[in-house]
Amino acid sequence: MTIEVRNIVKRFGDFAALDHVDLRVESGELLALLGPSGSGKTTLLRIIAGLEWPDSGTISFDGEDALARGAGERNVGFVFQHYALFRHMSVFENVAFGLRVQPRAIRMNEAGIKKRVGDLLDLVQLGWLANRYPSQLSGGQRQRIALARALAIEPRILLLDEPFGALDAKVRKELRQWLRALHEEIHVTSIFVTHDQEEALEVANRVVVMDKGKIEQIGTPEEVYDRPQTAFVHAFIGESIVLPVHVEAGRVQLGDKVLGIEPNGAASGPSQLFIRRHDVSLEAPGSGDLEGAVRRVRAFGPIQRADIALQTDGGETMIEIDAPRDRELKIGEIIGLKPKRYRIFAAGA
């Protein structure tokens, strides 16, 4: 099922939740809508589901006008952050619910419902919990059951709104891997909303980065991380060092210091230099493009994280870098820093 979103606008009073959004979701794709709170990602998901209506624009499913149909006619499965399971129903009956309320003309008989629910519970690896109630399940188990219930009616599209947002970090990671594997098995066109960049990069085939009702960039996880098209994308995805610089006559200056890096096509004028914390190599004093004093060091898994005070015109500018554990850093030590990869964007872009 291909989804085509064209020129969608949605306002809540003076607030533009979606501002002329265009998006194409390919059949069988697992797409992430990624952005901060208020970026418009959940509003877009709800409009696709039929739970909200746009002020203008069109949405089509396989070329057919989706806006001509209500939510119940779009054959969309929806998974919410907080499970929305029926507490008084067993796991089996929760999954069977959508099948039992279908119109009589297309409703399965009891044997068919039993087989379909059994197959789905096996798919989410929770068949042994069929007779339990939601209160007897862990958060991760409840979310798997919610997903099985959404899949029961064989939806053409699966929509997930912050599906792992209420779970702890360890369970979130386990379910991310599980969802990716499940999607490779069922190949239902799927869109999930998240503000968690790691979640989007790990699970999705493509990532749509949104901010203030607009799409900033669409690409594979590798593209949006390694080749961000805007300052917002670079700052939002991954953790970046950001320094105010000035580009002039093919040179990049930090204060009155000319850095030994190329502007890479950046226009002249006030700019921002973006560097990933792990994309900095440590050099001897006097030999790096940047230089500073080590203020704080702490172990952080396989790396060490260090606060470095750069000397600039305005005094000290504190940045944070990731360095190998085998490179001893001493408090007060002066080190040189050389960006291995970086991007320069116009200030205010």
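Two strands count as paired if DSSP finds at least two bridges between them. Keep that in mind for strand E11 (residues 240-248) and strand E14 (residues 269-276), which are joined by eight bridges and run antiparallel. What you're looking at is a predicted model. Its chain is assigned two domains, domain 1 (3-230) and domain 2 (239-346), so let's take the tour piece by piece, starting with how the domains sit.

**The two domains**

- Taken over C-alpha atoms, the centres of domain 1 and domain 2 are 40 Å apart.
- Where the domains touch, domain 1 puts in seven residues and domain 2 puts in five.

**The six-stranded sheet**

- Follow the strands across this open sheet and you'll read E6-E7-E8-E3-E9-E10, with mixed pairing.
- Strand E6 (76-79) and strand E10 (214-219) are the edges; each has a single partner strand, so one side of each has no neighbour in the sheet.
- From one strand to the next, the twist averages 20°.
- Inside the sheet, strand E3 (residues 30-34) runs parallel to strand E9 (residues 206-211), and four bridges join them.

- A handy thing to know here: two packed helices are described by the angle between their axes and the distance between the axes.
- Helix H4 lies across E6 and strand E7 (157-161), and runs at about 170° to E6.
- Helix H3 (residues 110-123) meets helix H4 (residues 139-151) with axes that come within 9 Å and cross at roughly 140°.
- H3 and H4 are therefore oblique to each other, and H3 passes H4 in a right-handed crossing.
- On the H3 side, the contact uses Arg-116, Leu-120, Leu-121 and Leu-123, while H4 brings Ile-145, Ala-148 and Leu-151.
- Sort the residues of that H3 and H4 contact by type and you get six nonpolar, no polar and one charged.
- H4 also packs against helix H5 (residues 169-186), at an angle of about 20° and with the axes 11 Å apart.
- H4 passes H5 in a right-handed crossing.
- From H4, this contact takes Gly-140, Gln-143, Arg-144, Leu-147 and Leu-151; from H5 come Val-171, Leu-175, Trp-178, Leu-179, Leu-182 and Ile-186.
- The residues where H4 touches H5 split into eight nonpolar, two polar and one charged.

**The five-stranded sheet**

- The order of this open sheet is E13-E12-E11-E14-E20, and the pairing is antiparallel.
- Strand E13 (257-259) and strand E20 (343-346) are the edge strands, and each pairs on one side only.
- On average, neighbouring strands here are turned by 45° against each other, direction ignored.
- Which residue of E14 stands opposite Val-242? Look for Phe-274.

**Strand E19 and its partners**

- Strand E15 (residues 280-283) pairs with strand E19 (residues 334-339) over four bridges, in the antiparallel sense.
- In that pairing, Leu-282 stands opposite Leu-337 of E19.
- Strand E16 (residues 290-300) pairs with E19 too, over four bridges and again in the antiparallel sense.
- There, Gly-292 stands opposite Ile-335 of E19.

Terms used
Residues are numbered from 1 along each chain as its sequence is written. This is a predicted model: local features need pLDDT of at least 70, side-chain atom pairs count only at pLDDT 80 or more; totals for chains, interfaces and linings use all residues. Side-chain values use heavy atoms; hydrogens and water are left out. Axes are lines fitted to C-alpha atoms, for helices over the stretch in contact, and angles run from 0 to 180 degrees between N-to-C directions. Helices (H or I, at least four residues) and strands (E, at least two) are DSSP runs, numbered from the N terminus. Angles under 35 degrees count as roughly parallel, over 145 as roughly antiparallel, 65 to 115 as roughly perpendicular and the rest as oblique. A crossing is left-handed if the near helix is turned anticlockwise from the far one by less than a right angle, and right-handed if clockwise. Contact means heavy atoms within 4.5 Å. Ala, Val, Leu, Ile, Met, Phe, Trp, Tyr, Cys and Pro count as nonpolar, Asp, Glu, Lys and Arg as charged, and the others, Gly among them, as polar.
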